[in-house]
Amino acid sequence: MTKTIGIALLTMTSLMAEAPAPPVASKNEHHEVRHGATVVDNYFWLREKTSPDVTKYLEAENSYTEAMTKDLKPFADSLYQEMLSHIKQTDLSVPVHDRGYWYYSRTEEGKQYPIQCRRKGTIDAPEQVYLDLNEISKDHKFVGLGHVVLSDDQNLVAYTLDFTGFRQYSLQVKDLRTGTTFPDTTERVTSLEWASDNKTLFLTTEDAVTKRSNKVFRHVLGSPEFKQLYEETDELYNIDVDRTRDHKYLVIESGSTDTTECRVLRADQPDGAFRVLLPREKKHRYYVDHREGLFYLRTNKDAKNFRVVTAPENDPSPMNWKPFIAHQSDVLIENIELFHGFAVAVEKSQALNRLRIHNFASGAWETIQFPEPVYSVFPGGTPDYDSTTFRYSYQSFVTPQSVFDYDTATGRSALLK
């Protein structure tokens with residue numbers, strides 16, 4: 001027994017002697033005052049991503065990792081091939097209809113990024129590739145796609161790209177009629193939307209240090225100016241720019257953990273000023289959409305699990321609210337999705353999501369039924385305001401993730417993929 005232990009110790013000692021020494025980051029004192037207290041950070045210098053010293057240290061870390069895990073490489077390669085064998089590399093997403101086009105993405109074996117495509121009118125029309133990251137990535141080590149928004153006439157696409165891997169996105173605008181990419185660009189874009197004039201963009205940017213989205217800009221295509229419209233100075237809040245599904249309003253949402261505030265502007269008046277819908281009130285969270293001349297507010301005011309109310313455009317104050325979905329103590333209203341002919345309430349009760357459909361013509365509610373007692377279901381993306389179907393994604397412990405379209409006229413769900 002003693003001899004066996006001795007051999008084992010000698011073997012371990014030999015392996016330890018052969019192993020390279022792990023790199024050690026040097027300590028450089030950096031003093032910073034935070035909330036009145038001085039904090040010493042010995043490794044602050046590692047924040048400088050462009051510093052040669054940082055690059056040298058990270059390369060040493062990579063070399064050490066490679067040396068210590070080289071015996072695992074055959075297993076890692078085998079594991080990768082096993083996972084790859086279960087993936088359909090050449091594949092197609094389920095096309096989605098939006099304002100006269102069918103949009104989808106497809107992947108090709110051997111290519112790293114999805115290819116964004118569309119077909120005009122019918123799904124059998126000729127394919128137009130409007131964004132191919134595989135082509136863009138030829139000049140870069142990495143490319144990440146952020147937001148993608150199309151102008152109302154569907155002729156322009158504004159999108160954001162990250163070439164750093166640090167979720168730091170820059171604006172790009174492309175003319176889909178000519179394939180030309182415009183010189184209009186700016187850095188650190190976190191959200192963007194078109195106005196309805198097909199030439200004005202609204203976008204938010206982040207702070208370079210904290211990465212907090214804090215400024216809103218307006219930009220007219222072809223102009224060198226990005227005009228700042230708003231800055232959120234409260235460090236507890238992030239901002240985002242969005243657009244209602246009916247395309248009537250642009251929305252700036254300021255949000256903290258427990259409070260939100262929305263500013264709105266008609267999308268056909270891009271030169272106008274955003275107005276506060278409801279002033280921020282501590283612990284009041286509300287979210288806005290618009291349909292047929294009314295704002296729909298999902299609000300937790302006097303409703304812990306949220307309720308949905310409607311409000312007139314000219315005065316959405318609480319005294320003018322009318323109930324649409326009442327508050328329930330055992331049902332959380334997670335979202336409300338509005339369309340011309342129907343609405344979808346995304347709710348959670350007893351740890352299960354459910355989708356309830358409201359028909360505006362009849363006033364009736366109907367809950368989509370699912371075949372299993374335990375499942376997970378989420379909205380699957382239905383951008384077309386005039387759609388008569390609602391897409392959702394469904395899965396369970398025994399059912400793989402599946403895409404369905406619910407037909408609001410027949411009350412039936414069709415499996416698409």
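A: Six bridges join β15 to β16, and the two strands pair in the antiparallel sense. The model discussed here is predicted. Within this pair, Ile 239 stands opposite Ser 254 of β16. The pair is part of an open sheet of four strands, arranged in the order β15-β16-β17-β18 with antiparallel pairing. The edges of the sheet are β15 and β18 (275–276); each has a single partner strand, so one side of each is left without a neighbour in the sheet. In general, strands of a sheet pair through backbone hydrogen bonds, in either a parallel or an antiparallel arrangement.

The loop between β15 and β16 contains His 247. This residue has a positive phi of about 70°, although it is not a glycine. Most residues other than glycine have a negative phi. His 247 has a relative accessibility of 23% and therefore counts as partly exposed, since that class lies between 20% and 50%.

The largest pocket holds about 1,300 Å³ of space. Its lining consists of 39 residues, and those nearest its centre are Glu 193, Asp 242, Arg 243, Arg 245 and Pro 383. Two or more lining residues come from each of β4 (96–98), β5 (101–107), β8 (144–150), β11 (189–194), β15 (238–243), β16 (249–255), β19 (286–291) and β23 (332–338). The largest share, four residues, is given by β8. By type, the lining divides into 17 nonpolar, nine polar and 13 charged residues.

The second largest pocket has a volume of about 440 Å³. It is lined by 14 residues, of which Arg 47, Phe 166, Ala 208, Val 209 and Thr 210 are the closest to its centre. This lining comprises four nonpolar, three polar and seven charged residues.

Gln 154 is found in the loop between β8 and β9 (156–162). Its phi is about 65°, and Gln 154 is not a glycine. The relative accessible area of Gln 154 is 1%, so this residue is buried, the limit for that class being under 20%.

Beyond these parts, the charged side chains deserve attention. Side chains of opposite charge can pair when their charged atoms come close. The structure holds 24 salt bridges. In one of them, Glu 32 is joined to Arg 34, with the closest N and O atoms 3.4 Å apart. Glu 32 is partly exposed at a relative accessible area of 28%, and Arg 34 is likewise partly exposed, at 33% relative accessibility.

A further salt bridge links Arg 177 with Asp 175, where the closest N and O atoms are 3.1 Å apart. Arg 177 is exposed, with a relative accessible area of 56%, whereas Asp 175 counts as buried at 8% relative accessibility. Elsewhere, salt bridges that share partners join Arg 106, Glu 108, Lys 111, Arg 119 and Glu 127 into one network. Glu 127 is partly exposed, with a relative accessible area of 31%, and Arg 119 is partly exposed at 21%.

Notes
Residues are numbered from 1 along each chain as its sequence is written. This is a predicted model: local features need pLDDT of at least 70, side-chain atom pairs count only at pLDDT 80 or more; totals for chains, interfaces and linings use all residues. Side-chain values use heavy atoms; hydrogens and water are left out. On a 1 Å grid over the protein atoms alone, a cavity is a set of points where a 1.4 Å probe fits but cannot get out, and a pocket is an open set with protein on both sides within 12 Å along at least five of seven lines; lining residues have an atom within 4 Å of a point. Grid points are joined across faces, edges and corners, and a volume is the space filled by probe spheres set on the points. Ala, Val, Leu, Ile, Met, Phe, Trp, Tyr, Cys and Pro count as nonpolar, Asp, Glu, Lys and Arg as charged, and the others, Gly among them, as polar. Two strands pair if DSSP finds at least two bridges between them. Buried means under 20% relative accessible area, exposed over 50%, partly exposed in between (1.4 Å probe, protein chains only). A salt bridge is a side-chain nitrogen of Lys or Arg within 4 Å of a carboxyl oxygen of Asp or Glu.
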